[in-house]
Amino acid sequence: MITTNYLVIGSGVAGLTFALKMANRFPEKTITIITKANAEESNTKYAQGGIAIVTDKTEDSYQKHIEDTLICGDGLCNKEVVKMVVTEGPKRLKELIEWGAQFDKNAKGAFDLGKEGGHSENRVVHHKDQTGSEIQRAILGQVMLKENITVLDHYFALELITQDNRCVGAYALDEKTNEIIAYQSDFTLLATGGIGHIYGHTTNPIIATGDGIAMAYRANAVIKDMEFIQFHPTALYDNTTGSKFLISEAVRGFGARLRTKKGELFMHNYDSRGDLASRDIVSQSIDLELKKSGDECVYLDCTHLEMEAFKNHFPMIYSYCKKVGVDLEKDWIPVVPAQHYLCGGIVVDINGKTSIENLFACGECSRTGLHGANRLASNSLLEALVYSDKIYHYLAENPFITPKTKTIIPEWVTKSKTKIAPEYIAKIKANLQFLMRQNAGIVRFDSDLLKAKEQLKIMQDEIDDTIKNYLVCTDLYELNNMIDIGNLIVQQSIDRNGNSGGFVKYKSKDIK
């Protein structure tokens, strides 16, 4: 068993900023970060657009940002949380710059602010079209300088360890040695990102399998709003399953227009904001257009844009499209909606506390109340930065209280077992992904959700038996986590009455 003061599971912006602040404040304390891939791999890395922060008080205001967030959340945001997150944004941006993160400036030396769907003003601070990667680089560089932070690559968290509704650590698998290690901690932070690969077609990296939420669920933490799944409207279309290349919402903010295969501009038929409507509206509109036409994708037209300025603003998108044979000066980009972000998750309070004592959650795996039924573009990195700071301040002011009874953590019992065939995992995973896309996608029907619930029960029973009889491995536990997440999405979709934001459901009798 290994002891640490703070155990952080996940190495995105949420986990890293918390770890860095604790290490600076308490050099005598130990912080351990475990991540199932390498430390650079996280949902943060793939965030293209930027961070929504009010920096230009002449044209913009906190109130405008708050109103945009509330409108996008379709009446289900926590207003106090929205106000807190929006107004703390500039402080968190200042910290990032102090840590070495660089953001694009205009000719006058001010931030080159982008505009994305749902925003009433230009307020998105960015680094080209690779903002998440730049932030990850800067913070991780600072973390690696801290002697009291240990970063463990290729360690997969299996289960939280709880006693009397108090988290005392976690079991983790060393993926290189297959050893299962118990980590005892004063406090544990889940910063494990999203759930994208439950759907297969996703903009998330392959590591996004909902591990933190699933572990918290099995430990009886409160999980809420899992039905509110954001589908990004413009993922680059191809006919394969797996991670999809994201065409940032900022491209539409730059002036690109959505067209059908026949060339028709269609977004004003659905929303007065046209191509700059919020993600839920655009995704649902594309879904309806594809159902009407039978086409496999719609198109994003950039051909009318000033291409040198486009290449300067979106170098990664331009080069990637060119690599796959799309010349933006004359070709339209084929796009479809793909799973992008989860608005629900582990319920936390204003300080990031979960319903389990000494367990905190931050970032996409948490449900803070900021997003409501649909996240406003570029509010996710902002939320992670603000809440990691809130958790840091709370723990700095509320030190660990040693329990009256000694904590005894049992070792994980391991037996000699056969390793599961990778083909078996791949088959069940593909079936799960297809089930979720078909039955719990952009538009859902009660009858489909009930069928999915039955199929998920069969899958869960099979995986429970498999886990008992085969060697522990990352792929098997990821699949177990994905099935748990699928159950949560489907059940909470069944329970939700009324359509809001990213959630659209019809009774089976309404199917025409």
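User: Hi! Which residues do ring pairs link into a cluster here?

Analyst: Hello! This is a predicted model, and in it the cluster joined by ring pairs is made of Y6, F18, F187, F360, Y394 and F400.

User: How are the rings of F360 and Y394 arranged, then?

Analyst: Their planes stand at 50° and their centres are 6.0 Å apart, so this pair counts as tilted. F360 belongs to strand β17 (residues 359–361), while Y394 belongs to helix α10 (residues 380–397), so the pair ties together parts 34 residues apart in sequence.

User: Are those two buried or partly exposed?

Analyst: One of each. F360 is buried, at 4% relative accessibility, whereas Y394 has 21% and counts as partly exposed.

User: Okay, and how many aromatic pairs does a search of the whole structure find?

Analyst: The search turns up 16. One of them is F245 with Y320: the ring centres are 3.9 Å apart and the planes are at 10°, so that pair is stacked.

User: Where do F245 and Y320 sit in the chain?

Analyst: F245 is in the loop between β12 (242–243) and α6 (249–253), and Y320 is in helix α9 (residues 315–323). They are 75 residues apart, and the pair links distant parts of the chain. F245 is buried, with a relative accessible area of 15%, while Y320 is partly exposed at 27%.

User: New topic: how many residues are in the largest nonpolar core?

Analyst: That core has 70 residues. I9, L160, L190, I213, I346, I485 and I489 are those with the most contacts inside it. Helix α13 (residues 474–495) gives the most to this core, with 10 residues. As background, nonpolar side chains tend to be buried together in soluble globular proteins.

User: Let's pick I213. What is I213 in contact with?

Analyst: Leaving aside neighbours within four places in sequence, I213 is in contact with T192, I195, I223, M226, L342, G345, I346, C365, I485 and L488.

User: Last one: which charged residue sits over the ring of Y341?

Analyst: R375 does, with its charged end 4.1 Å from the ring centre. Elsewhere, K105 lies over the face of F111, at 5.3 Å from the centre of that ring.

Note on methods:
Residues are numbered from 1 along each chain as its sequence is written. This is a predicted model: local features need pLDDT of at least 70, side-chain atom pairs count only at pLDDT 80 or more; totals for chains, interfaces and linings use all residues. Side-chain values use heavy atoms; hydrogens and water are left out. A nonpolar core is a set of buried Ala, Val, Leu, Ile, Met, Phe, Trp, Tyr and Cys residues joined through side-chain atoms within 4.5 Å. Buried means under 20% relative accessible area, exposed over 50%, partly exposed in between (1.4 Å probe, protein chains only). Helices (H or I, at least four residues) and strands (E, at least two) are DSSP runs, numbered from the N terminus. Contact means heavy atoms within 4.5 Å. Rings of Phe, Tyr and Trp (its six-membered ring) pair if their centres lie within 6.5 Å; planes under 30 degrees apart count as stacked, over 60 as edge-to-face and the rest as tilted. A charge sits over a ring if NZ of Lys or CZ of Arg is within 6 Å of the ring centre and within 35 degrees of the ring normal.
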